[in-house]
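The sequence and structure come first.

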Amino acid sequence: MADTQLTDDQTDALREWIEAGSRLRTLTHEAKQVERLEALRALASQHGELQAEVSRLAGVQAEHEAAAQDAEKRADDLREHVHRTETRLNDGTGLTSRDLMGLQDEIAGLRARIDEIEGEQVEQLEAAETAAAQKDETAGRAEEVAGRGRTLQAERASEGQRLAEDIAKVDGTRAALLERIPASLHGRLRGGGEYPPAAVVTSGSCGACGAQLSGMLADIYRNLGPGGLLECDGCGTLLLKLA
Ligand SMILES: [Zn+2]
């Protein structure tokens with residue numbers, strides 16, 4: 001490569017092509033939108049947790065409602081029992097005064113039990129209401145998180161589109177610049193790899209891999225005129241000497 005010497009225009013074109021390559025790498029990295037993706041994943045996970053909590057609270061609410069219904073049914077059965085006993089008591093046929101007192105005691109016991117069960121029913125209904133309120137509040141938070149996710153998703157889409165347009169523009173610029181660079185270099189400039197295919201030397205180091213030029217290479221580089229080329233002995237990148 002040391003024998004390849006670019007004209008001023010070719011040198012300008014390759015320098016701009018290298019600079020555009022650097023912009024392209026930045027844009028390509030930005031296009032991944034790593035931070036937004038991570039934020040979206042975090043929101044999705046948060047939403048999942050809140051949804052699971054909504055389901056759990058719906059289960060708690062249903063349990064308390066079922067317990068309240070059960071209490072109501074038990075109270076109804078006991079009220080029916082009281083009614084039958086009162087009927088017997090009022091009829092009084094064949095009952096001794098001891099029987100009457102026994103029935104009165106039984107009714108009093110049943111009424112006390114009904115009061116207790118009604119208390120249980122109220123407690124269960126209150127617990128169901130509490131669970132329902134917590135469920136609604138959690139569902140509201142889940143919806144808020146989903147809304148933030150939708151906003152972020154929309155931002156990601158529009159930013160992705162903007163970056164794709166910018167990348168297409170830089171690609172176009174580079175294709176035009178390539179036309180002004182000798183065809184013999186096109187093959188290696190189009191080649192992919194870990195490092196950019198061409199770079200300039202910055203403070204004695206390869207602009208692609210960052211390695212310091214070896215003593216011999218640094219000597220060759222010093223002796224090159226502007227537009228001279230050599231290869232980094234670290235990464236093989238084409239190095240362009242500028243004025
Ligand atoms: Zn290098």
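In this predicted model, strands β1 and β2 form a hairpin with 2 residues between them. Ser-203 lies in the turn and has a positive phi of about 50°. The pairing of β1 (residues 198-202) with β2 (residues 205-206) is antiparallel and runs over 2 bridges. Within this pairing, Val-201 has Cys-206 of β2 as its bridge partner.

Strand β1 also pairs with β4 (residues 238-240), here in the parallel sense and over 3 bridges. Ala-199 stands opposite Leu-239 of β4.

Two helix pairs, both involving α3 (residues 97-178), are set out below.

| Helix pair | Axes come within | Crossing angle |
|---|---|---|
| α2 (residues 34-91) and α3 | 6 Å | roughly 165° |
| α1 (residues 8-31) and α3 | 9 Å | roughly 160° |

Angles over 145 degrees count as roughly antiparallel. Helices α2 and α3 are therefore roughly antiparallel to each other, and their crossing is left-handed. The residues of the contact of α2 with α3 comprise 32 nonpolar, 14 polar and 18 charged.

Helices α1 and α3 are therefore also roughly antiparallel to each other. The crossing of α1 and α3 is left-handed. On the α1 side, the contact residues include Trp-17, Leu-24 and Leu-27, and on the α3 side they include Leu-163, Ile-167 and Val-170. Charged residues take part as well, among them Glu-16 and Arg-23 of α1 and Asp-166 and Arg-174 of α3. The residues of the contact of α1 with α3 divide into 12 nonpolar, 4 polar and 5 charged.

Notes. Residues numbered from 1 in each chain as written. Predicted model: local features only at pLDDT ≥ 70, side-chain atom pairs only at ≥ 80, totals over all residues. Axes fitted to C-alpha atoms, helices over the stretch in contact; angles between N-to-C directions. Helix = DSSP H or I, 4+ residues; strand = E, 2+ residues; numbered from the N terminus. Parallel < 35°, antiparallel > 145°, perpendicular 65-115°, else oblique. Left-handed = near helix turned anticlockwise from the far one by under 90°. Pairing = 2+ DSSP bridges. Contact = placed C-beta atoms within 7 Å.
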